[in-house]
Amino acid sequence: MTQLNIIIIFLLLSSSILCATEKEHKKRHHEAHIHGHGKLNAAIERNKLMIEIEVPAYNIVGFEHQAKTDKQKSKVKQAVDIFRKPQLIIKLDASAGCSLAKKAEVKADLLEKKKEESSGNHNQHRDEAEEHSEFHVEYSFHCKKIDNIKAIHVRAFQQFSGIEELEARAITPKGQFTQELKQSSANFRLEQ
Ligand SMILES: [Zn+2]
């Protein structure tokens, strides 16, 4: 395990994004997920930058139950396609010379079949009322001059107007940073 992985795991644990089991995953959603509010975690180590974003699905596609109709499915797919293009979601200082180290990872809970999906109408209704799901995105970059990254500018607010706030956290060689990002202040500063 690389040091970067350890840093990232620490970061994830501390912001409770990492879920050990599906059960825990569900439970946590009930506790922690507030519509309109997402999370952005970033870590820099050596020439690597990793960014992770988690946003309630409600603020991306307007619902959190499993996508059932073709219209719902295509809405989710469209959103996934946007998230797969990091240039639409974030902007990095061009002078840092960053390029994707691997394909963007985009996970949307509401595209996955859930085991506990019930057969009866009554239960189904109840499940939908309680259900939460999220979009989870991971980008990892290699950067030629990583010291030139002074900030991460977040464009996700323009793509998805339902995102009101992103709680941003970063660990870099320059220190730890936290900031509440909004459409009106979408520049996550990574310098004192
Ligand atoms: Zn929700």
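What follows is a set of questions and answers on this model.

Mentor: Two ground rules come before the questions. Residues are numbered from 1 along each chain as its sequence is written. This is a predicted model, where local features need pLDDT of at least 70, side-chain atom pairs count only at pLDDT 80 or more, and totals for chains, interfaces and linings use all residues.

Trainee: How many helices and strands does the chain have?

Mentor: Both are DSSP runs, numbered from the N terminus: helices are H or I with at least four residues, strands are E with at least two. By that count the secondary structure comes to 7 helices and 10 strands.

Trainee: What share of the 192 residues is buried?

Mentor: The test counts other C-beta atoms within 10 Å of a residue's own, with C-beta atoms placed from the backbone. Buried takes 20 or more, exposed 12 or fewer, and partly exposed is in between. For the 192 residues in the chain, the buried share is 30%.

Trainee: Among contacts between residues at least 6 apart in sequence, what share joins residues at least 24 apart?

Mentor: A contact needs two C-beta atoms, placed from the backbone, within 7 Å. Among the contacts you describe, the share joining residues at least 24 apart is 70%.

Trainee: Why is strand E6 described as largely enclosed?

Mentor: E6 covers residues 134–143. The strand is largely enclosed by the rest of the structure because, of its 10 residues, the number buried is 7.

Trainee: Which residue of E6 is the bridge partner of Met-50?

Mentor: Strands pair if DSSP finds at least two bridges between them. Strand E2 (residues 48–56) runs antiparallel to E6, joined by 9 bridges. In this pairing Ile-51 stands opposite Tyr-139. The partner of Met-50 is Ser-140.

Trainee: Strands E4 and E5 also join E6. Which residue of E6 stands opposite Glu-105?

Mentor: E4 (residues 98–100) is joined to E6 by 3 antiparallel bridges, and Cys-98 has Cys-143 as its partner there. E5 (residues 105–108) also runs antiparallel to E6, with 4 bridges. Opposite Glu-105 stands Glu-138.

Trainee: How many residues of E2 are buried?

Mentor: E2 is largely enclosed by the rest of the structure. E1 pairs with E2 in the antiparallel sense over 7 bridges, with Ala-42 bridged to Ile-51. Of the 9 residues of E2, the buried number is 8.

Trainee: Which residue takes a positive phi in the hairpin of E1 and E2?

Mentor: The hairpin has 2 residues between its strands. The residue in question lies in the loop between E1 and E2.

Trainee: How many residues are in the largest nonpolar core?

Mentor: Such a core is a set of buried Ala, Val, Leu, Ile, Met, Phe, Trp, Tyr and Cys residues joined through C-beta atoms within 7 Å. Leu-40, Ala-42, Leu-49, Ile-51, Phe-135, Ile-152 and Val-154 touch the most other members, and the core's total is 41 residues. The elements giving two or more residues to this core include E1 (37–45), E2, E6 and strand E8 (165–172). Leaving aside neighbours within four places in sequence, Ala-42 has contacts that include Leu-49, Ile-51 and Ile-152. The size asked for is 41 residues.

Trainee: Within what arc do the buried residues of helix H4 fall?

Mentor: Val-76, Ala-79 and Phe-83 are buried in H4. The arc is that of the directions from the helix axis to the C-beta atoms. Seen down the axis, these buried residues line one face of the helix, because they fall within an arc of 60°.

Trainee: Which residues of H4 are exposed on the other side?

Mentor: The buried residues of H4 pack against H3, helix H5 (86–89), E5 and E6. The exposed ones on the other side are Asp-70, Lys-71, Ser-74, Gln-78 and Asp-81.

Trainee: What distance separates Tyr-58 and Gly-162 in space?

Mentor: Tyr-58 sits in helix H3. It counts as partly exposed because it has 18 C-beta neighbours inside 10 Å. Tyr-58 and Gly-162 are 104 residues apart in sequence, yet their C-alpha to C-alpha distance is 7.8 Å.
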